[in-house]
Each structure stands twice: as structure tokens, then as C-alpha cells.
Amino acid sequence: MNEMKTPYFLIDSNQLDELLEDMKNSFYSFWSNGIIGYSFKTNNLCSVISYMKDKELFAEVVSSDEYLLAKKCNYPINQIIFNGPAKRKKEFIEAVDNGAIVNLETKRELRWLLDCNKEALKKSKLGIRVNFCIEDYCPNESQCGEEDGRFGFSYEAGELKEAILFFKEHKIKISGIHLHCSSKTRSLNIYKAISEVALKVIKEYSLDLNYIDVGGGFFGGVEGKPTFKDYFDTIYKILSKDVDFTKTNIIIEPGMALIGASMNYVTSVIDVKKTKNNTFAVLDGSRIHIDPLMRKSMYTYDIIRKKINLVNSKVDQILCGFTCMENDRFFKISDFMLNETDQIIFKKVGAYTISLSPQFIELHPDIYILKDGQIELVQSRKEIENFRMEGVYK
């Protein structure tokens, strides 16, 4: 690692193995035939997708582009869970006709069903995404608060009822319901509410379902937070009151819970400078690589000191990135003076960072994987010679 050019990402495959094994053991202890779908949007690195496929996870995709990526990574269509509003009609129909689990999100998808193969529809795996006011069940825990989440067909506004009636009018079977909710807390209360609403919808509309998709959003590998077993136990205790699990399967769609804790970001100090009011330690990495939305208030990190100061006076130093944005700042170090070539290892940064990182000022860093004590380059930093040149004026 001392010879590797910073900044770079490093996936710890052993940690990933442990998290996935923990999740599988916990999940299958409740639902032996349950389905785990890996959320592509969380980290769409080809090596990560291949790993998840080898571990027999389904592909959970939320756009036609992700659907095509799953196919390119050799996923059979019947092992794809197709969610989200960004489906295109061509891929939607192909997925429905060839046995993918397709959770409908928009009214246009209802209309598209009428253009699907009639025989394929008889054995299709179609679900409806249920929109409900999670804030009513879990005050101050949802991401949107009283403004409501925007995904799916609203239970409270009657759009869910209209969608169900559309299915019944056209004699198309509803195979499942999808109830993923975005939350600030990822608490057990969220999954309690999801399970309670699932039962409410099933009873109210007399649904005979093949699956209930509770989505993702779990903590994974975070000390002091709910474990996988805690989540699944909460879901099981509520659904088992009225759901026959020999007929109705459970689907989960983890992403962050697996890859989030399994990836680090390694950077080096390239300069230490003083100004009138501050001292700055400048890194060759940037906050935009690990916090692209600039929302984090805390980071988990280690420091590797290459040279210890003989006079180690305590000075406040602001750790900042290489970009021209003044808000490219991480946090303040006060215990000791950082020096040029010291390294900062930011931990648990595998979720959404690769997908959201912009190519701003610097191109994307190298990505390595640590496996059985060996480090392998899985995605190299683009060089300018290989940068996209389409549309160049000649």
C-alpha cells in the first residue's frame, strides 16, 4: 500500500464476505426461500456486481440503463428486480415478458402493460410500489417529513386503489407489493411501519401475493446500531400474524448495508500551510469523492504518520481537499501536527460514493480490492489520453 498512488479506494473483500454471510444467515433463518437483491445504484462497480452475482444475489435496478448493465453482467432476466420511475418502455416490456420481478412505479407503466405479451402476463411477476405517509407512523424519521416521499402509488390519496382496480379490470395478477421507504434513522420503527402497512393493504384489497418487497436501507456493520437479525425479526413478528410464508415470499434490497462498510478511501497530505487565522492540511483527495452531497458531519478515519514532529505542539489544523471549492473541508485535527506525506484513511465510504463522485478537476481515482492478503487493481484511473473525446470540433 505504501507504493500505491493516492488517492484511491480500497475494497476489503474479507469484510464484505463477513457482512454478506451475516445478512444471509439472518435472513434465511426467517425465510429460507427469500430473495436478496443487490442495489446497483449504491455502487455499480463491475467487480462488486460480479461479486454479488457469484454470491447468488439478484440484481435490483432502478432504470433501464441499470437493467441493461445487469444483462451485460450476465444476469438472466428472471434474476432482475426492476424498480423505479426511470424505466423505458422497451426494457419494461422485455422485463415483463421474460420473467423479471417488475414493481410498477408510474401510471405510464400501467398503460405499457397493455402492450406486453398476453401469455407472458399470465405468469409475470408484477408488483405495485406502495406510497404511504411514513411520517405518520415514524415522526421525524423520514427524509421528506410532511412533504411526503414521491415514489409509488399513494395509499392515502387513492392512487393505489386506482392502480389495483386497473390490474383487476384487465385481469392481470398482482404478484407483489413494494414498500421501500427512505429514512433518516434506518430504525426498526421504519420496518415495523412497512410491515404494518403491508398487512393493511393486503387485507383491504384482498390481495393474494407471491411476494412482499420491503426494500433496503438497513444498517450494516455499524456498532451500536440494529443488526440484520434485529431488522428481520421485527418484520417477521408482524407479517407472520397474517402472511403464509409458504405462499408469500419476502424480498429485501440491500446496498449500503453490504458495500458501505467494506470500502476505504486513502489520501495523502500534500501541503501544510498557515494563514492569518488558520492552519490547513491539504490532501490529494477530496470530500467530493466520499461525501459528494456535502452532508456528512462525521467521518470514521485512521491516520498513518510518516514522520513524527520532534516538537509536537498541539495546533488546530483544518483537513481539506484539493479542489477549488472552499467548502471542500473535512474536519479539524487538534491532537498533533500533520506533515506532508502523512496519510488519512477514510473508512466505510463504499455506498453511493463511486456512483455520485464527479470528475471535477481530477479524474476518478484508482479502485483496488484486498483479497486474501493480495491487492488487485479493479478499476484504473482514467488518463487524459483515454478521456472521452466525442463531439470534439474539428
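At 9% relative accessibility, Ser 26 counts as buried (under 20% relative accessible area; exposed is over 50%, partly exposed in between, with a 1.4 Å probe and protein chains only). The model is predicted: local features need pLDDT of at least 70, side-chain atom pairs count only at pLDDT 80 or more, and totals for chains, interfaces and linings use all residues. Residues are numbered from 1 along each chain as its sequence is written, and side-chain values use heavy atoms, without hydrogens and water.

Ser 26 lies in helix H1 (helices are DSSP runs of H or I, at least four residues; strands are runs of E, at least two; both are numbered from the N terminus). Ser 26 touches Phe 228, Lys 229 and Phe 232, leaving aside residues up to four places away in sequence. Contact means heavy atoms within 4.5 Å. Helix H1 (residues 13-30) also holds Glu 21. Glu 21 is partly exposed, at 45% relative accessible area.

There are 17 salt bridges, each a side-chain nitrogen of Lys or Arg within 4 Å of a carboxyl oxygen of Asp or Glu. Arg 88 pairs with Asp 65 at 3.3 Å, N to O. This pair links distant parts of the chain, 23 residues apart: Arg 88 is in the loop between strand S4 (80-86) and helix H4 (89-97), and Asp 65 is in helix H3 (residues 64-72). Arg 88 also bridges to Glu 91 at 3.4 Å, N to O. Glu 91 is buried, at 7%, whereas Asp 65 is exposed, at 52%.

Asp 302 and Lys 347 form a further salt bridge at 3.2 Å, N to O. Their strands are S13 (residues 300-304) for Asp 302 and S16 (residues 343-347) for Lys 347.
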